[in-house]
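Hi everyone, thanks for having me. Today I'd like to walk you through some side chains and how they pair up.

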Amino acid sequence: MKGLLTQVRSYEGSVQLLMVNQFTINLGFYMLMPYLAAHLSGTLGLAGWIVGLVLGVRNFSQQGMFLVGGTLADRLGYKPLIVAGCVLRTLGFATLALVDSLPALLAASAATGLAGALFNPAVRAYLAADAGERRVEAFALFNVFYQAGILLGPLAGMVLTGVDFRITCLVSAGIFALLSVVQIRALPARRSEDAKRQDAHAGQGVLAQWRGILANRPFLLFSIAMIGSYVLSFQVYLALPLEVRRLGGDGEFGTAAVAMLFAVSGLTTILGQTRVTAWCKARYEPGQALVRGLAAMGLAFVPLLLATAVPVPESGIGLWLLAAVPPTLAALLLAIGTMIAYPFEMDTIVRLSGDRLVATHYGLYNTICGIGITVGNLGTGAALDAARAAGMPALPWITLCALGLACASALYGLHRTGRLAAPPASEPLAATV
């Protein structure tokens, strides 16, 4: 921990603040969101389709607006979008605590999603700009703070929700209100180079800039190839818990085993991210690290695949081990693969953007991957259902392994053909952004 703090202090104050901010953002978000569905269906007694609608509106308003949020950050500056996102999430979470009508719940849910679309691209673009040549290491540290918030948020939320979910909402809103004040007072104003060029030369219209990004074929191919990493990492929340509960049941053992999945994933990243990044950077080019990270994520499902060849005990310690050990190993390998890939992934987006309209590129990248997660989760759910119906428990794990290896192969092709390198500085903006 001391070494981690030393690394953080080696960056300028704005980078340090962004890392702490991201921890706090995730702490406030994840202390509330895991328990929202239960509040809506239990306390408020809403029908299942309404619960799905409220949660879906949040996800759609975030994924659908990432490109707009990134574009605004490049045009108006990073700080205003970060502050606006924190303020909007304050209002959204406070509203969730105070209302029970469907229109108000939908408005609050949309606000919390839009908030993420505003500050996420801006935070990453700001971090990339101020970290300079140390971007890869900065994003490794950023991921440590990111995962720490995900790990601690549900624990804090569990305690608060045990008293009253509305208290959880108000505490989370208070955290974002405090963050808003901290950003206003302590975060230096930071405008992208694109915004400065627009001031001097009147710049391009938004649609022209978007067309330029869509013409950046290496960036689009990279974004599509990386969809698999998000689909695979999301299985810590979908396929792995379902597999634990399929074998271990919904009782105390199942709950503890699912909690262990999240703990293994988060703690592995917190304890190992910076070491893994330093080791990879010393040995691999960014493209090589990305290929190895995606391959590791695909192979993460091999323990589950092998477990399907083992007869399922009816009860006892054998059943518990079969329910807990393969999913936990999968969560561990997914965390390792993500640790390998994530810092180089964030750096590659900046390089492929040519250091132009970086927040807009992050916004479009998040939208593409968000759509991919939705489609991938539908496919994973269908594979899980088909596997149970056909008596083929290996089917989901074969599918996920194949997805990871296919995406790793695609990245290998992009790396070998030089498409993951930065575009020449002499190329015009419309061709490179």
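Let's start with Cys-86, which counts as buried, at 1% relative accessibility. Keep in mind that what you see is a predicted model. Cys-169 is buried too, with a relative accessible area of 0%.

So where is the closest cysteine sulfur to that of Cys-86? It belongs to Cys-169 and is 17 Å away, which is too far for a bond, because a disulfide needs the two sulfur atoms within 2.5 Å. A search of the whole structure finds zero disulfides.

Now to charged side chains. Side chains of opposite charge can pair when their charged atoms come close. How many salt bridges does the structure hold? There are five.

Take Arg-135 and Asp-347, whose side chains meet in a salt bridge at 2.7 Å, N to O. Arg-135 lies in helix 8 and Asp-347 in helix 17, so this pair ties together parts that are 212 residues apart in sequence. Asp-347 is buried, at 7% relative accessible area, and Arg-135 is buried at 13%.

Arg-135 also forms a salt bridge with Asp-355, with the closest N and O atoms 3.9 Å apart. Asp-355 sits in the loop between helix 17 and helix 18, 220 residues from Arg-135. Asp-355 is partly exposed, at 47%. Together with Arg-351, these residues (Arg-135, Asp-347 and Asp-355) are linked in a network of salt bridges.

Finally, Arg-246 pairs with Glu-243, their closest N and O atoms being 2.9 Å apart. Both lie in helix 13, three residues apart, about one turn of the helix. Arg-246 is partly exposed, at 39%, while Glu-243 is buried, at 10%.

Definitions and conventions
Residues numbered from 1 in each chain as written. Predicted model: local features only at pLDDT ≥ 70, side-chain atom pairs only at ≥ 80, totals over all residues. Heavy atoms only, no water. Buried < 20%, exposed > 50% of the residue type's maximum accessible area, 1.4 Å probe, protein only. Salt bridge = Lys/Arg side-chain N within 4 Å of Asp/Glu carboxyl O. Helix = DSSP H or I, 4+ residues; strand = E, 2+ residues; numbered from the N terminus.
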